[in-house]
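I am opening my notebook on this structure. My entries follow the order in which I looked things up.

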Amino acid sequence: MFRTSCYLLLQILQLALPEEVSVVNSKAQRSQVTGHLMITMPKIKPVLRPKQSKTETKTVQSAEKKERQVPGQ
């Protein structure tokens with residue numbers, strides 16, 4: 001378990017994270033719309049997913065198009 005902390009308004013915010021995050025690329029900012037605190041912390045080791053072949057991608061896209069079509073049109 002990895003822990004990170006930052007100071008907010010003279011208080012310490014500590015988070016326990018399951019994976020290591022990049023401290024250099026992390027940022028905390030307030031939402032201009034809601035005022036909520038948004039913390040962005042990218043992982044050091046990104047999740048690797050297998051690439052889809054072009055035929056698999058086309059098959060998935062055509063299946064999605066068929067699902068979106070309304071019957072009777």
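I started with the largest pocket, which is lined by Thr4, Ser5, Cys6, Leu13, Leu15, Val21, Val23, Ser26, Lys27, Ala28, Ile39 and Met41. A pocket here is an open set of points on a 1 Å grid over the protein atoms alone, where a 1.4 Å probe fits, with protein on both sides within 12 Å along at least five of seven lines; lining residues have an atom within 4 Å of a point. β1 (2-8), β2 and β3 each give two or more residues to this lining. β1 gives the most, with three. Strands are DSSP runs (E, at least two residues), numbered from the N terminus.

I noted that the model is predicted: local features need pLDDT of at least 70, side-chain atom pairs count only at pLDDT 80 or more, and totals for chains, interfaces and linings use all residues. Residues are numbered from 1 along each chain as its sequence is written, and side-chain values use heavy atoms, without hydrogens and water.

I read off the pocket volume as about 160 Å³. That volume is the space filled by probe spheres set on the points, with grid points joined across faces, edges and corners.

Next I looked up Ser22. Ser22 sits in the loop between β2 (11-17) and β3 (27-30). Is Ser22 buried or exposed? Ser22 is buried, because its relative accessible area is 14% (buried is under 20%, exposed over 50%, with a 1.4 Å probe and protein chains only). Beyond its neighbours within four places in sequence, Ser22 contacts Pro42 and Ile44 (heavy atoms within 4.5 Å).

Note on methods: Helix = DSSP H or I, 4+ residues; strand = E, 2+ residues; numbered from the N terminus.
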